[in-house]
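Hi,

Here is the structure I promised to send over. Have a look at it first, and then read on for what turned up.

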Amino acid sequence: MKFLVRNVVTDIERVTGIQVYGRVAAVQGMLIEAGGVQRQISVGDRCHVIARDGRRVPCEVVGFRSGRALLMPFVAIDGVGLGCRTEVQDSEPVIYPEPHWLGRVINAFAQPVDGLGPLPVGDEAFPIRARPPSAHSRQRVAGKVDLGGRSVNTFLTMCRGQRMGIFAGSGVGKSSILSMMTKNTSCDVAVIGLIGERGREAREFIEDDLGPEGMKKAVMVVSTSDESPLMRRQAAYVTLAVAEYFRDQGKDVLCMMDSVTRFAMAQREISLSAGEPPASKGYTPTVFAELPRLLERAGPGTAKGSITGLFTVLVDGDDHNEPISDAVRGILDGHVVLDRAIADRGRYPAVNVLRSVSRTMPACNNEQENALVSKARRLMATYEDMAELIRLGAYRRGTDPAVDEAIHYYPQLEAFLGQKKTEANSLQQCYAMLANILGMPFDGDGMGGR
């Protein structure tokens, strides 16, 4: 009887239409401890703390301690003190996307930040933390995606619904290769999430890298580095939610996120503040649980439409085996490695073809295309193996025919891999150019993949 009464009381407390509120009991660092609401909320729920100046501070429940709810604010907590009212929000965080969002820049709350007026509101609600489609209900990855870049189109061909990581240290050209792909993609829509970016770089990326043509078919979600970890994390969730909307409209979406590392750092800040112990290099277990939940949302849809994902990973100290790089590489369907040594010698994009891989190749290519790629890779690998001897002048021509052949083709292959941001080549053009360099036959049949 006692348990029945307790359950009835709990159900009554959760009846919608009743405003449930508590009071701030403590503030420590980035955390607000609230009492009186702990039985009405769970981890992930939202609250508003009413500051002394009347400002409403949105918060998320990140844990519980000593009978109190631990709240982390989305914005600054100036004016929040002991006894401030804490109101429970009884609705799930959702957004209402609409086709006219194309060309707009929004923040983590799906509010416009481009000064172009209010956003139109769609009819259907999309939860910002949706679950990925069931593995058995999804379509297969199929059909090549044209990204305009010669190195990716030929050596790392992507298919619709594939998820690829771009691994690079700071200043090696991640933003440049992303802008090139956005402008030249064959996908219908591009959704770009700039997570933890420098404030000045967001506008530069829009105006200088994307330009008006790139923005026409793009939606950009921006959360700068000075915003709270909750805002940075939510910006990543909103990026995927917008992509899911266009996917459900039957569109082929190119979803880009720069960067997954800053999403992981934001989650680490949240987890450590809530008292979760660190596991590897300060990253908590929750970080490694959240990464697949986020990245698995990209991919083929259950019917028409797909989300092709490009996720950049900011490699810590150029160590490609650090925890986040290692975890993301195991989740995604391939990786593009941008090499600082290549960038230092002036070749952009600085893609290290030999260290990069696309898991849809060679199945998506025909025999001619695979033969071209295999020969080019073999030549580059042979040259790299002997590079030190060649540069020192210790290798004599005629010693090894395979090395002689690699030395002959190397300058032309390097020129082929280098590309300006304003240049664009289709898939067929890329393979035709490579065939011309290698002197191999290529008729262009079978383009488009499986």
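This is a predicted model: local features need pLDDT of at least 70, side-chain atom pairs count only at pLDDT 80 or more; totals for chains, interfaces and linings use all residues.

Cys255 is in no disulfide either, with the sulfur of Cys187 as its nearest one, 11 Å away. Cys255 counts as buried too, at 0% relative accessibility. As a reminder, a disulfide is a covalent bond between the sulfur atoms of two cysteines. The structure as a whole has zero of them.

**The overall picture**

The protein chain has 450 residues, and 53% of them are buried. Its secondary structure comes to 13 helices and 19 strands. The C-alpha trace spans about 90 × 50 × 45 Å along the principal axes. If you count the contacts with a separation of 6 or more, 72% are between residues 24 or more positions apart. The accessible surface is about 19,900 Å², and carbon and sulfur atoms own 51% of that.

**Helix H7**

Which residues of H7 are buried? In this helix, residues 285-295, they are Val287, Glu290, Leu291, Leu294 and Leu295. They sit on the same side of H7, because they cover an arc of only 115° around the axis. As for what they pack against, the list takes in strands E12 (163-168), E15 (252-258) and E17 (306-314). It also takes in helices H5 (229-248), H6 (260-273) and H8 (323-331).

**Salt bridges**

The count comes to 27 salt bridges.

Arg129 is in the loop between strand E9 (126-127) and strand E10 (142-145), while Glu290 is in helix H7, 161 residues apart. Glu290 is buried at 5% relative accessibility, whereas Arg129 is partly exposed at 38%.

Arg150 pairs with Glu423, and their closest N and O atoms are 3.4 Å apart. Arg150 is buried, with 5% relative accessibility, and Glu423 is partly exposed, with 30%.

Asp333 and Arg163 form a salt bridge as well, also given as 3.4 Å from N to O. Asp333 is in the loop between H8 and strand E18 (334-337) and Arg163 is in strand E12, so the parts they tie together are 170 residues apart in sequence. Arg163 is buried, with a relative accessible area of 7%. Both residues belong to a network of salt bridges that links Arg138, Arg163, Glu296 and Asp333.

Most residues other than glycine have a negative phi, and most peptide bonds are trans. So what goes against that here?

- A cis peptide bond joins Asp258 and Ser259, with omega about 10°. Ser259 is in the loop between E15 and H6.
- Met361 to Pro362 is a cis peptide bond too, with omega near 5°. Pro362 is in the loop between strand E19 (357-358) and helix H10 (367-385).
- Ala110 is not a glycine, yet its phi is positive, about 60°. It lies in the loop between strand E8 (105-106) and E9, and is buried at 14% relative accessible area.
- Lys281 has a positive phi near 50°. It lies in the loop between H6 and H7 and is exposed, at 53% relative accessibility.

**A nonpolar patch**

Last one: Val94, Tyr96 and Val121 form a nonpolar patch on the surface, with about 260 Å² of accessible area together. Val94 is in strand E7 (residues 94-95) and counts as partly exposed, at 32% relative accessibility.

Cheers

Note on methods. Residues are numbered from 1 along each chain as its sequence is written. Side-chain values use heavy atoms; hydrogens and water are left out. Patches are made of residues with over 30% relative accessible area and no salt bridge: like charges are joined within 9 Å, nonpolar side chains (Val, Leu, Ile, Met, Phe, Trp, Tyr) within 5 Å. Accessible areas come from the Shrake-Rupley method with a 1.4 Å probe; for residues, only the protein chains shown count as cover. A salt bridge is a side-chain nitrogen of Lys or Arg within 4 Å of a carboxyl oxygen of Asp or Glu. Helices (H or I, at least four residues) and strands (E, at least two) are DSSP runs, numbered from the N terminus. Buried means under 20% relative accessible area, exposed over 50%, partly exposed in between (1.4 Å probe, protein chains only). The arc is that of the directions from the helix axis to the C-beta atoms. Contact means heavy atoms within 4.5 Å. A disulfide is a pair of cysteine sulfur atoms within 2.5 Å.
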